[in-house]
Amino acid sequence: MIDYQQIASHPDLKLIGKNIIFRQSVTSTNRVLYKMAENSFGKEEGFLAEGTILIAEEQTAGRGRLDRIWISPRGKGLWFSAYLLPDIPPEKSFLITFLGAVAVAEAVNHLFELKSMIKWPNDVLVKGRKYCGILTDTRVSEEKIQLAILGIGMNLNQTVREITESYGPIATSLRIILHRTVDPAQVLTAVLLQLDKYYAYLKEGQWEKIIEKWKEYATFLGSKITIVADDEPFDGIARDIDDKGGIIIELEDGEERVFYSGDLFL
Ligand code: BT5
């Protein structure tokens, strides 16, 4: 059993993770935290503090992008969400996903001496295999982000057999990568510390720090890729990220095109 109280009182945490809510089982930590945040609006008592984490041992309806399923079995990984109140325009919400990916990559690389790579828009991989996915939900009103929920799913201790049965072709877990089980409390603490650090950059308007770090990890930039958008594949070279987080692809005929959603195949 993870001692969440101890993690939340880590002296270096300034905002993210100072309040951790634990549930044994939820549908989706993003969905439940979103509801909690909405319900706490305008309330003086019992309002939800920015930076609050909701973490669950299992999700019964974990979500990926485009309403895909995120498999989240009991005790096998970290399934959690952070409640954020970022003062950024809605078109910059990609920065939230980006900082989540950077935080995971930094934490895992430092803890385990691994080389994580970030795959646009929301995956963290080692050797081409995905151990982490990120999902940001926002509520936008009057051209402002009213609230944001940053959801992070990390596969920690699934075995090869468990992963190959149902997770999709490129999934993996840290246990498979490292050939040993990992301590969820240790990983969670490291990720929260990095999230706290990179979220502070966002709050201070230092967006470049997030983007630069993200690009350091986005080693697919400059390589040949295929992007599937609306069921249609496009081959080309991933060139860069635009100012709304879209990916700029140089297509085979030389034309440059920006995609704001889709799946990248390396
Ligand atoms: C993602 O979606 O990668 C975002 C995943 C976000 C999960 C977190 S957990 C906490 C919070 N609460 C939620 O409900 N969600 C967030 P996407 O890029 O669409 O990838 C989804 C696809 O990855 C699925 O269609 C499967 O093919 C595959 N997949 C499902 N579960 C997986 C897992 N645990 N590990 C790796 N791949 C998985």
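Predicted model: local features only at pLDDT ≥ 70, side-chain atom pairs only at ≥ 80, totals over all residues.
## Overall fold

The protein chain has 266 residues. Its secondary structure comes to seven helices and twelve strands. Along the principal axes, the C-alpha trace spans about 60 × 50 × 30 Å.

The radius of gyration is 18 Å. A compact globule with 266 residues would have a value near 18 Å, so the chain agrees with that expectation. Of the 266 residues, 52% count as buried.

## Salt bridges

Side chains of opposite charge can pair when their charged atoms come close. In this model the count comes to 14 salt bridges.

R139 and E38 meet through their side chains at 2.6 Å, N to O. This pair links distant parts of the chain. R139 sits in strand β6 (residues 129-141), and E38 sits in helix α2 (residues 29-40). The two are 101 residues apart. R139 is partly exposed, at a relative accessible area of 26%. E38 is partly exposed too, with a relative accessible area of 26%.

## A second contact to strand β6

The side chains of R63 and D137 form a salt bridge of 3.3 Å, N to O. R63 lies in the loop between β2 (53-59) and β3 (77-84), while D137 lies in strand β6, so the pair ties together parts that are 74 residues apart in sequence. D137 has 16% relative accessibility and counts as buried, because buried means under 20%.

## Strands β9 and β10

E250 and R239 also meet in a salt bridge, at 2.7 Å, N to O. E250 belongs to strand β10, and R239 to strand β9 (residues 232-241). Eleven residues separate them in the chain. E250 counts as partly exposed at 24% relative accessibility. R239 is partly exposed as well, with a relative accessible area of 38%.

## A salt-bridge network

E57, E58 and R74 are joined in a network of salt bridges.

## Negative surface patch

Which residues form the negative surface patch? They are D235, E252, D253 and E255.

E255 is found in the loop between β10 (247-251) and β11 (256-259). Its relative accessible area is 41%, which means that E255 is partly exposed. E250 of strand β10, by contrast, is paired with R239.

Key
Residues numbered from 1 in each chain as written. Heavy atoms only, no water. Patch = residues over 30% accessible without salt bridge, like charges linked within 9 Å, V, L, I, M, F, W, Y side chains within 5 Å. Areas by Shrake-Rupley, 256 points an atom, 1.4 Å probe, with all protein chains shown as cover. Salt bridge = Lys/Arg side-chain N within 4 Å of Asp/Glu carboxyl O. Lys, Arg positive; Asp, Glu negative; His and termini not counted. Charge placed at Lys NZ, Arg CZ, Asp CG, Glu CD. Helix = DSSP H or I, 4+ residues; strand = E, 2+ residues; numbered from the N terminus. Buried < 20%, exposed > 50% of the residue type's maximum accessible area, 1.4 Å probe, protein only. Rg over C-alpha atoms; globule rule 2.2 N^0.38 Å.
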